[in-house]
Amino acid sequence: MHRPLSWPQLLQKLDQRGNYERTAVPRDISKLEGIRTLLKALDHPQTHYQVIHVAGTNGKGTTAMMISRLLETLGFRTGCYTSPHVMDIRERIVINGQWVETALWTDSGEKVLTFVEQHPELYISWFDIVTAIALDIFAKLRADWVVLETGLGGTADSTNAVEKKLAVLTPIGLDHVGVLGHSIGQISREKAGIARKGIPTVLSAQTEQVYAELLPELAKHQSPTLKAESILNVFHPSKSGNLRFDWMDGNSYELSAPETMPHSRLECIRTALVSVDHLLPEGFSRKQASEALLSVQLPGRIQRLSRVTWSAGNTTFDQMILDGGHNPMALQMLQHQLDSWQLDSCVLIFGIQKDKLIPELKPVLQRLFSSAKPLIFTRSHSSRAASYEDLLEFMDNYPFIERPVKTMTVDEALNAAKSFAFHTVIVAGSFYVAGEILEQIYY
(Lines give C-alpha, C1' and ligand atoms only; values in the text may rest on other atoms or scores of the structure.)
Protein backbone atom coordinates (compact mmCIF):
# COMPACT_ATOMS: atom_id res chain seq x y z
CA MET A 1 0.00 0.00 0.00
CA HIS A 2 1.29 3.46 -0.95
CA ARG A 3 2.22 5.70 1.96
CA PRO A 4 1.97 9.43 1.26
CA LEU A 5 5.01 11.59 1.93
CA SER A 6 5.33 13.13 5.35
CA TRP A 7 6.30 16.79 5.76
CA PRO A 8 9.89 15.96 6.80
CA GLN A 9 10.22 13.57 3.86
CA LEU A 10 9.06 16.25 1.43
CA LEU A 11 11.56 18.74 2.85
CA GLN A 12 14.31 16.14 2.54
CA LYS A 13 13.42 15.40 -1.09
CA LEU A 14 13.37 19.10 -1.93
CA ASP A 15 16.68 19.60 -0.18
CA GLN A 16 18.21 16.77 -2.18
CA ARG A 17 17.19 18.49 -5.40
CA GLY A 18 19.34 21.50 -4.47
CA ASN A 19 18.61 25.08 -5.57
CA TYR A 20 20.31 28.14 -6.96
CA GLU A 21 19.86 30.12 -3.76
CA ARG A 22 21.99 27.65 -1.85
CA THR A 23 24.56 26.53 -4.43
CA ALA A 24 24.88 29.50 -6.82
CA VAL A 25 24.97 27.04 -9.72
CA PRO A 26 23.34 29.17 -12.44
CA ARG A 27 19.88 28.09 -13.48
CA ASP A 28 19.56 27.62 -17.22
CA ILE A 29 17.25 30.56 -17.81
CA SER A 30 16.76 29.67 -21.47
CA LYS A 31 14.52 26.71 -20.65
CA LEU A 32 10.84 26.83 -19.70
CA GLU A 33 9.69 23.68 -21.47
CA GLY A 34 10.20 21.60 -18.34
CA ILE A 35 7.89 23.70 -16.17
CA ARG A 36 5.34 23.96 -19.00
CA THR A 37 5.27 20.17 -19.42
CA LEU A 38 4.99 19.76 -15.66
CA LEU A 39 2.04 22.16 -15.47
CA LYS A 40 0.34 20.31 -18.32
CA ALA A 41 0.73 17.05 -16.35
CA LEU A 42 -0.92 18.79 -13.38
CA ASP A 43 -3.85 19.73 -15.66
CA HIS A 44 -2.88 23.41 -15.88
CA PRO A 45 -3.69 24.55 -12.31
CA GLN A 46 -2.71 28.14 -13.21
CA THR A 47 -5.84 28.49 -15.38
CA HIS A 48 -8.15 28.29 -12.37
CA TYR A 49 -7.45 31.85 -11.15
CA GLN A 50 -6.31 35.25 -12.38
CA VAL A 51 -2.65 36.14 -12.05
CA ILE A 52 -0.68 39.31 -11.34
CA HIS A 53 3.02 38.87 -12.09
CA VAL A 54 5.71 40.89 -10.28
CA ALA A 55 9.37 41.18 -11.30
CA GLY A 56 12.17 43.62 -10.47
CA THR A 57 15.34 43.84 -8.42
CA ASN A 58 14.17 45.34 -5.13
CA GLY A 59 10.83 45.53 -3.34
CA LYS A 60 9.12 42.91 -5.47
CA GLY A 61 8.27 40.58 -2.57
CA THR A 62 6.81 43.39 -0.48
CA THR A 63 4.93 44.78 -3.49
CA ALA A 64 3.52 41.32 -4.27
CA MET A 65 2.38 40.89 -0.67
CA MET A 66 0.78 44.35 -0.69
CA ILE A 67 -1.14 43.64 -3.90
CA SER A 68 -2.29 40.38 -2.33
CA ARG A 69 -3.42 42.23 0.82
CA LEU A 70 -5.43 44.73 -1.25
CA LEU A 71 -7.22 41.99 -3.17
CA GLU A 72 -7.97 40.21 0.10
CA THR A 73 -9.50 43.36 1.61
CA LEU A 74 -11.73 43.60 -1.47
CA GLY A 75 -13.16 40.19 -0.63
CA PHE A 76 -11.16 38.01 -3.01
CA ARG A 77 -9.54 34.74 -2.01
CA THR A 78 -5.95 35.57 -2.84
CA GLY A 79 -2.76 33.55 -3.05
CA CYS A 80 0.72 35.03 -2.95
CA TYR A 81 3.97 33.31 -3.98
CA THR A 82 7.23 34.99 -2.94
CA SER A 83 10.92 34.15 -2.49
CA PRO A 84 13.29 33.70 -0.87
CA HIS A 85 12.01 32.45 2.45
CA VAL A 86 13.88 33.75 5.46
CA MET A 87 13.16 31.11 8.12
CA ASP A 88 10.62 28.61 6.82
CA ILE A 89 9.87 27.46 3.26
CA ARG A 90 6.16 27.86 4.01
CA GLU A 91 6.67 31.64 3.87
CA ARG A 92 6.68 31.28 0.07
CA ILE A 93 3.07 30.13 -0.36
CA VAL A 94 0.29 31.98 1.46
CA ILE A 95 -3.46 32.30 1.02
CA ASN A 96 -5.16 35.41 2.42
CA GLY A 97 -1.96 36.18 4.31
CA GLN A 98 -1.70 32.76 6.01
CA TRP A 99 0.73 29.90 5.44
CA VAL A 100 -1.02 26.89 3.94
CA GLU A 101 -1.15 23.56 5.78
CA THR A 102 1.75 21.15 5.40
CA ALA A 103 -0.74 18.50 4.23
CA LEU A 104 -1.38 20.56 1.10
CA TRP A 105 2.34 21.02 0.56
CA THR A 106 2.99 17.30 0.80
CA ASP A 107 0.02 16.33 -1.38
CA SER A 108 1.02 18.68 -4.21
CA GLY A 109 4.72 18.11 -3.61
CA GLU A 110 4.46 14.35 -3.97
CA LYS A 111 2.51 14.73 -7.19
CA VAL A 112 5.07 17.14 -8.64
CA LEU A 113 8.13 15.15 -7.53
CA THR A 114 6.70 11.87 -8.84
CA PHE A 115 6.37 13.42 -12.30
CA VAL A 116 9.86 14.93 -12.14
CA GLU A 117 11.43 11.62 -11.09
CA GLN A 118 9.64 9.82 -13.92
CA HIS A 119 10.93 12.32 -16.51
CA PRO A 120 14.69 12.78 -15.95
CA GLU A 121 15.04 13.88 -19.57
CA LEU A 122 13.26 17.15 -18.77
CA TYR A 123 15.10 20.20 -17.39
CA ILE A 124 13.13 20.99 -14.22
CA SER A 125 14.87 23.16 -11.62
CA TRP A 126 14.29 23.30 -7.86
CA PHE A 127 12.45 26.58 -8.32
CA ASP A 128 10.32 25.04 -11.11
CA ILE A 129 9.28 22.34 -8.64
CA VAL A 130 8.33 24.76 -5.85
CA THR A 131 6.53 27.03 -8.33
CA ALA A 132 4.47 24.10 -9.61
CA ILE A 133 3.64 23.10 -6.02
CA ALA A 134 2.43 26.65 -5.35
CA LEU A 135 0.30 26.84 -8.48
CA ASP A 136 -1.28 23.47 -7.70
CA ILE A 137 -2.02 24.46 -4.10
CA PHE A 138 -3.67 27.71 -5.17
CA ALA A 139 -5.96 25.75 -7.50
CA LYS A 140 -6.91 23.35 -4.70
CA LEU A 141 -7.70 26.30 -2.43
CA ARG A 142 -9.89 27.88 -5.12
CA ALA A 143 -8.06 31.19 -5.20
CA ASP A 144 -9.68 34.01 -7.15
CA TRP A 145 -6.40 35.87 -7.69
CA VAL A 146 -2.76 34.83 -7.34
CA VAL A 147 0.18 37.22 -7.14
CA LEU A 148 3.42 35.65 -8.38
CA GLU A 149 6.86 37.08 -7.63
CA THR A 150 9.61 36.01 -10.01
CA GLY A 151 12.50 34.15 -8.49
CA LEU A 152 15.23 35.18 -10.93
CA GLY A 153 14.94 37.54 -13.88
CA GLY A 154 11.73 37.47 -15.87
CA THR A 155 11.76 36.11 -19.41
CA ALA A 156 12.62 32.53 -18.51
CA ASP A 157 11.71 32.52 -14.83
CA SER A 158 9.49 29.58 -13.83
CA THR A 159 6.63 31.97 -13.04
CA ASN A 160 6.65 33.29 -16.62
CA ALA A 161 5.10 30.05 -17.88
CA VAL A 162 1.80 31.47 -16.60
CA GLU A 163 -0.56 33.86 -18.37
CA LYS A 164 -1.50 36.99 -16.46
CA LYS A 165 -3.91 39.91 -16.17
CA LEU A 166 -1.23 42.41 -15.14
CA ALA A 167 2.57 42.63 -15.10
CA VAL A 168 4.40 44.75 -12.51
CA LEU A 169 8.05 45.84 -12.57
CA THR A 170 9.53 47.15 -9.32
CA PRO A 171 12.82 49.16 -9.21
CA ILE A 172 15.53 47.51 -11.31
CA GLY A 173 19.25 47.51 -10.56
CA LEU A 174 22.29 45.26 -10.73
CA ASP A 175 21.85 41.78 -9.24
CA HIS A 176 22.44 38.18 -10.31
CA VAL A 177 24.88 39.55 -12.87
CA GLY A 178 26.39 36.13 -13.50
CA VAL A 179 23.02 34.90 -14.76
CA LEU A 180 21.04 37.92 -16.01
CA GLY A 181 23.82 40.04 -17.52
CA HIS A 182 26.44 42.55 -16.45
CA SER A 183 24.62 45.70 -17.57
CA ILE A 184 21.43 47.49 -16.59
CA GLY A 185 20.29 47.10 -20.20
CA GLN A 186 20.59 43.32 -20.19
CA ILE A 187 18.93 42.99 -16.80
CA SER A 188 16.11 45.40 -17.70
CA ARG A 189 15.35 43.52 -20.92
CA GLU A 190 15.35 40.18 -19.11
CA LYS A 191 12.87 41.43 -16.51
CA ALA A 192 10.68 43.09 -19.16
CA GLY A 193 10.16 39.61 -20.57
CA ILE A 194 7.20 39.09 -18.22
CA ALA A 195 5.20 41.54 -20.38
CA ARG A 196 2.45 40.27 -22.70
CA LYS A 197 0.78 41.73 -25.76
CA GLY A 198 -2.24 43.79 -24.74
CA ILE A 199 -1.65 43.17 -21.02
CA PRO A 200 -0.78 46.34 -19.03
CA THR A 201 2.56 46.65 -17.25
CA VAL A 202 2.79 48.86 -14.15
CA LEU A 203 6.22 50.40 -13.56
CA SER A 204 7.56 51.48 -10.19
CA ALA A 205 9.73 54.61 -10.33
CA GLN A 206 12.94 53.77 -12.22
CA THR A 207 16.15 55.58 -13.03
CA GLU A 208 16.30 57.33 -16.39
CA GLN A 209 18.75 54.69 -17.58
CA VAL A 210 16.30 51.90 -16.76
CA TYR A 211 13.37 53.75 -18.33
CA ALA A 212 15.45 54.18 -21.50
CA GLU A 213 15.85 50.40 -21.67
CA LEU A 214 12.44 49.33 -20.45
CA LEU A 215 10.05 51.52 -22.42
CA PRO A 216 11.24 50.45 -25.92
CA GLU A 217 11.30 46.82 -24.78
CA LEU A 218 7.74 47.00 -23.47
CA ALA A 219 6.70 48.68 -26.73
CA LYS A 220 8.10 45.66 -28.60
CA HIS A 221 5.93 43.42 -26.42
CA GLN A 222 2.97 45.70 -27.24
CA SER A 223 2.24 46.03 -23.53
CA PRO A 224 0.44 49.24 -22.45
CA THR A 225 2.63 50.90 -19.81
CA LEU A 226 1.56 52.73 -16.66
CA LYS A 227 4.19 54.71 -14.75
CA ALA A 228 3.13 54.61 -11.10
CA GLU A 229 4.91 57.90 -10.36
CA SER A 230 2.74 59.62 -13.01
CA ILE A 231 -0.44 58.39 -11.34
CA LEU A 232 0.19 58.66 -7.59
CA ASN A 233 2.59 60.44 -5.25
CA VAL A 234 3.12 59.08 -1.72
CA PHE A 235 5.24 61.12 0.68
CA HIS A 236 5.75 62.37 4.22
CA PRO A 237 4.68 66.03 4.47
CA SER A 238 7.22 68.15 6.29
CA LYS A 239 6.80 68.27 10.09
CA SER A 240 4.11 65.59 9.99
CA GLY A 241 3.99 61.97 11.08
CA ASN A 242 1.40 61.33 8.38
CA LEU A 243 1.65 59.92 4.89
CA ARG A 244 0.09 61.96 2.12
CA PHE A 245 -1.42 60.34 -0.97
CA ASP A 246 -1.85 62.63 -3.99
CA TRP A 247 -3.52 60.97 -6.99
CA MET A 248 -2.99 62.84 -10.23
CA ASP A 249 -6.75 62.85 -10.89
CA GLY A 250 -7.18 65.14 -7.87
CA ASN A 251 -7.99 62.66 -5.09
CA SER A 252 -5.84 63.37 -2.00
CA TYR A 253 -5.81 62.25 1.64
CA GLU A 254 -3.50 61.72 4.61
CA LEU A 255 -3.07 58.72 6.90
CA SER A 256 -1.21 58.30 10.17
CA ALA A 257 1.82 56.09 9.48
CA PRO A 258 4.18 54.23 11.82
CA GLU A 259 7.27 56.32 12.57
CA THR A 260 9.47 53.33 11.76
CA MET A 261 8.13 52.82 8.23
CA PRO A 262 11.10 52.71 5.80
CA HIS A 263 11.01 55.18 2.91
CA SER A 264 11.65 52.33 0.44
CA ARG A 265 8.29 50.86 1.38
CA LEU A 266 6.50 53.93 0.02
CA GLU A 267 7.37 52.87 -3.53
CA CYS A 268 5.90 49.43 -2.84
CA ILE A 269 2.72 51.04 -1.51
CA ARG A 270 2.41 53.31 -4.55
CA THR A 271 2.96 50.46 -7.03
CA ALA A 272 0.49 48.16 -5.28
CA LEU A 273 -2.23 50.83 -5.14
CA VAL A 274 -1.80 51.83 -8.78
CA SER A 275 -1.87 48.18 -9.85
CA VAL A 276 -5.12 47.28 -8.11
CA ASP A 277 -6.75 50.64 -8.85
CA HIS A 278 -6.13 49.99 -12.55
CA LEU A 279 -7.43 46.43 -12.46
CA LEU A 280 -10.46 46.97 -10.22
CA PRO A 281 -11.45 50.65 -10.21
CA GLU A 282 -15.09 49.95 -9.36
CA GLY A 283 -15.70 49.78 -5.64
CA PHE A 284 -12.06 50.42 -4.83
CA SER A 285 -11.79 52.78 -1.87
CA ARG A 286 -8.35 54.29 -2.25
CA LYS A 287 -8.12 55.58 1.30
CA GLN A 288 -9.24 52.31 2.93
CA ALA A 289 -6.94 50.38 0.62
CA SER A 290 -3.99 52.59 1.52
CA GLU A 291 -4.63 52.06 5.21
CA ALA A 292 -4.57 48.28 4.74
CA LEU A 293 -1.00 48.47 3.45
CA LEU A 294 0.61 50.32 6.32
CA SER A 295 1.14 47.17 8.40
CA VAL A 296 2.49 44.91 5.64
CA GLN A 297 6.00 43.78 6.58
CA LEU A 298 7.99 40.85 5.25
CA PRO A 299 10.74 39.51 7.53
CA GLY A 300 14.26 40.72 6.84
CA ARG A 301 13.27 43.74 4.73
CA ILE A 302 14.53 46.77 6.72
CA GLN A 303 12.77 45.22 9.70
CA ARG A 304 13.11 47.40 12.82
CA LEU A 305 12.66 45.63 16.15
CA SER A 306 12.80 46.85 19.76
CA ARG A 307 13.76 44.94 22.90
CA VAL A 308 15.11 41.89 21.09
CA THR A 309 15.87 38.92 23.32
CA TRP A 310 18.54 36.36 22.45
CA SER A 311 17.89 33.60 24.95
CA ALA A 312 20.97 31.52 24.11
CA GLY A 313 23.17 34.46 25.04
CA ASN A 314 20.99 35.65 27.92
CA THR A 315 20.93 39.09 26.30
CA THR A 316 18.34 41.69 25.33
CA PHE A 317 19.32 44.10 22.58
CA ASP A 318 17.77 47.54 22.78
CA GLN A 319 17.10 47.77 19.04
CA MET A 320 17.87 45.62 16.02
CA ILE A 321 17.39 46.32 12.30
CA LEU A 322 17.55 43.34 9.94
CA ASP A 323 17.83 43.60 6.18
CA GLY A 324 18.66 40.91 3.64
CA GLY A 325 19.31 43.33 0.77
CA HIS A 326 22.50 42.24 -0.99
CA ASN A 327 22.80 44.33 -4.15
CA PRO A 328 24.02 47.94 -4.53
CA MET A 329 20.53 49.44 -4.79
CA ALA A 330 19.22 47.57 -1.74
CA LEU A 331 22.20 48.45 0.43
CA GLN A 332 21.94 52.10 -0.65
CA MET A 333 18.29 52.02 0.45
CA LEU A 334 19.33 50.63 3.82
CA GLN A 335 21.98 53.32 4.25
CA HIS A 336 19.51 56.04 3.27
CA GLN A 337 17.06 54.72 5.87
CA LEU A 338 19.70 54.60 8.60
CA ASP A 339 20.59 58.22 7.78
CA SER A 340 16.90 59.18 7.89
CA TRP A 341 16.50 57.53 11.29
CA GLN A 342 19.69 59.35 12.35
CA LEU A 343 21.32 56.10 13.35
CA ASP A 344 25.10 56.39 13.42
CA SER A 345 27.88 54.55 15.22
CA CYS A 346 25.83 51.35 15.32
CA VAL A 347 26.97 47.77 15.74
CA LEU A 348 27.00 46.19 12.27
CA ILE A 349 26.80 42.43 11.79
CA PHE A 350 27.55 41.86 8.12
CA GLY A 351 27.60 38.70 6.05
CA ILE A 352 27.02 38.19 2.32
CA GLN A 353 27.12 35.53 -0.37
CA LYS A 354 30.44 35.48 -2.21
CA ASP A 355 28.86 35.74 -5.67
CA LYS A 356 27.26 39.05 -4.64
CA LEU A 357 30.66 40.76 -4.28
CA ILE A 358 30.62 42.77 -7.51
CA PRO A 359 32.69 45.96 -8.04
CA GLU A 360 29.63 48.22 -7.88
CA LEU A 361 29.11 47.13 -4.27
CA LYS A 362 32.42 48.53 -2.98
CA PRO A 363 31.51 52.22 -2.57
CA VAL A 364 28.20 51.27 -0.96
CA LEU A 365 29.92 49.03 1.56
CA GLN A 366 32.57 51.66 2.28
CA ARG A 367 29.80 54.06 3.29
CA LEU A 368 27.98 51.42 5.35
CA PHE A 369 31.14 50.26 7.12
CA SER A 370 32.43 53.78 7.81
CA SER A 371 30.32 54.37 10.92
CA ALA A 372 30.10 50.80 12.23
CA LYS A 373 31.34 50.47 15.82
CA PRO A 374 32.16 47.64 15.91
CA LEU A 375 32.03 46.02 12.48
CA ILE A 376 31.44 42.28 12.82
CA PHE A 377 31.96 40.05 9.79
CA THR A 378 30.09 36.75 9.90
CA ARG A 379 28.81 34.04 7.60
CA SER A 380 25.66 31.96 7.31
CA HIS A 381 25.60 28.19 6.97
CA SER A 382 25.24 28.55 3.18
CA SER A 383 28.07 27.09 1.12
CA ARG A 384 28.01 30.31 -0.88
CA ALA A 385 28.75 32.54 2.12
CA ALA A 386 31.78 34.84 1.80
CA SER A 387 34.50 34.22 4.38
CA TYR A 388 36.20 36.85 6.52
CA GLU A 389 39.18 36.66 4.18
CA ASP A 390 36.94 37.03 1.11
CA LEU A 391 35.48 40.25 2.52
CA LEU A 392 38.86 41.73 3.44
CA GLU A 393 40.23 40.91 0.00
CA PHE A 394 37.17 42.38 -1.70
CA MET A 395 37.44 45.63 0.27
CA ASP A 396 41.08 45.79 -0.88
CA ASN A 397 42.96 48.49 1.01
CA TYR A 398 39.87 50.16 2.45
CA PRO A 399 40.98 51.90 5.71
CA PHE A 400 38.73 50.31 8.34
CA ILE A 401 38.37 52.43 11.50
CA GLU A 402 39.06 49.26 13.45
CA ARG A 403 39.83 45.84 12.05
CA PRO A 404 36.53 43.96 11.64
CA VAL A 405 35.72 41.33 14.25
CA LYS A 406 35.99 37.85 12.76
CA THR A 407 33.13 35.43 13.53
CA MET A 408 32.37 32.12 11.85
CA THR A 409 28.65 31.85 12.72
CA VAL A 410 25.77 34.16 13.58
CA ASP A 411 25.93 32.84 17.17
CA GLU A 412 29.48 34.12 17.42
CA ALA A 413 28.40 37.41 15.84
CA LEU A 414 25.61 37.91 18.37
CA ASN A 415 28.02 37.04 21.15
CA ALA A 416 30.48 39.65 19.86
CA ALA A 417 27.64 42.22 19.90
CA LYS A 418 26.53 41.36 23.47
CA SER A 419 28.57 44.05 25.18
CA PHE A 420 26.91 46.65 22.93
CA ALA A 421 23.35 45.50 23.71
CA PHE A 422 22.15 49.04 24.45
CA HIS A 423 23.27 50.25 21.03
CA THR A 424 21.40 49.72 17.79
CA VAL A 425 22.49 46.48 16.09
CA ILE A 426 22.27 46.39 12.28
CA VAL A 427 22.18 42.99 10.55
CA ALA A 428 22.82 43.31 6.82
CA GLY A 429 23.99 41.73 3.59
CA SER A 430 22.15 38.41 3.36
CA PHE A 431 18.71 36.89 3.89
CA TYR A 432 20.53 33.82 5.18
CA VAL A 433 22.23 35.77 7.97
CA ALA A 434 19.01 37.66 8.79
CA GLY A 435 17.04 34.42 8.81
CA GLU A 436 19.48 32.58 11.07
CA ILE A 437 19.35 35.45 13.55
CA LEU A 438 15.56 35.73 13.40
CA GLU A 439 15.35 32.04 14.26
CA GLN A 440 17.23 32.69 17.52
CA ILE A 441 15.55 35.83 18.81
CA TYR A 442 12.13 36.94 19.96
CA TYR A 443 10.64 40.41 20.30
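**Entry 1: helix H16**

I started at helix H16 and asked what its buried residues pack against. They pack against S12, S13, S14, H15, strand S17 (424-428) and S18. I note here that the model is a predicted one.

H16 covers residues 431-438. Seven of its eight residues are buried, so the helix is largely enclosed by the rest of the structure. I listed the buried ones: Phe431, Val433, Ala434, Gly435, Glu436, Ile437 and Leu438.

I then checked the N-terminal end of H16. Ser430 caps it. A side-chain oxygen of Ser430 lies 3.0 Å from the backbone nitrogen of Tyr432.

**Entry 2: the seven-stranded sheet**

Next I looked up the sheet that holds S12, S13, S14, S17 and S18, among others. It is an open sheet of seven strands, and its pairing is mixed. I wrote down the order as S16-S15-S14-S17-S13-S12-S18. Strand S16 (405-406) and strand S18 (441-442) are the edge strands, and each pairs on one side only.

I followed S18 to its partner. S12, residues 303-310, pairs with S18 in the antiparallel sense over two bridges. Trp310 has Ile441 in S18 as its bridge partner.

Helix H13 (residues 362-370) touches strand S14 (347-350) and strand S15 (375-377). The direction of H13 makes about 140° with that of S14. Helix H15 (residues 410-417) touches S12, strand S13 (315-323), S14, S15 and S16. For H15, the angle with the direction of S14 is about 170°.

**Entry 3: the largest cavity**

I looked for cavities of 30 Å³ or more and found two. The largest cavity has a volume of about 90 Å³. Its lining includes Gln335, Leu338, Leu348, Leu368 and Ile426. Cys346 is also in the lining, as are Asp344 and Ser345.

Gln335 sits in helix H12 (residues 328-340). Is Gln335 buried or exposed? Its relative accessible area is 9%, so Gln335 is buried. Leaving out residues up to four places away in sequence, Gln335 touches Arg367 and Leu368. Leu368 also lines the largest cavity.

**Entry 4: the eight-stranded sheet**

I moved to another open sheet, one of eight strands with mixed pairing. Its order is S4-S3-S2-S5-S1-S6-S7-S8. S4 and strand S8 (225-227) stand at the edges. Each has a single partner strand, so one side of each is left without a neighbour in the sheet.

I checked one pair in detail. S2 and S3 pair in the antiparallel sense over three bridges. Gly79 stands opposite Ile95 in S3.

Helix H9 (residues 208-220) packs on this sheet. H9 touches strand S6 (166-169), strand S7 (201-203) and S8. Its direction makes about 170° with that of S7.

I looked at Ala219, which is in helix H9. Its relative accessible area is 54%, so Ala219 counts as exposed.

**Entry 5: Arg92**

Where is Arg92? I found Arg92 in the loop between strand S2 (78-81) and strand S3 (93-95). Arg92 counts as buried because its relative accessibility is 0%. Its side chain makes a polar contact with the side chain of His85, at 2.8 Å.

**Entry 6: the second largest pocket**

I noted a volume of about 280 Å³ for the second largest pocket. Nineteen was the count of lining residues, and the closest to the pocket centre are Met65, Trp99, Gln297, Leu298 and Pro299. Helix H4 (60-73) and strand S4 (98-99) each supply at least two residues of the lining.

**Entry 7: the S10 and S11 hairpin**

Strand S10 (residues 242-247) and S11 pair in the antiparallel sense over five bridges. Asp246 has Ser252 in S11 as its bridge partner. Four residues lie between the strands, and Gly250 takes a positive phi near 105°.

Along strand S11 (residues 252-256) I saw the side chains alternate. Tyr253 and Leu255 point to one face and are buried.

Conventions
Residues numbered from 1 in each chain as written. Predicted model: local features only at pLDDT ≥ 70, side-chain atom pairs only at ≥ 80, totals over all residues. Heavy atoms only, no water. Buried < 20%, exposed > 50% of the residue type's maximum accessible area, 1.4 Å probe, protein only. Polar contact = N/O pair within 3.5 Å; in protein donor to acceptor, adjacent residues only side chain to side chain. Pairing = 2+ DSSP bridges. Contact = heavy atoms within 4.5 Å. Axes fitted to C-alpha atoms, helices over the stretch in contact; angles between N-to-C directions. 1 Å grid on protein atoms, 1.4 Å probe; cavity = no way out; pocket = protein on both sides within 12 Å on 5 of 7 lines; lining within 4 Å. Points joined across faces, edges and corners; volume = space filled by probe spheres on them.
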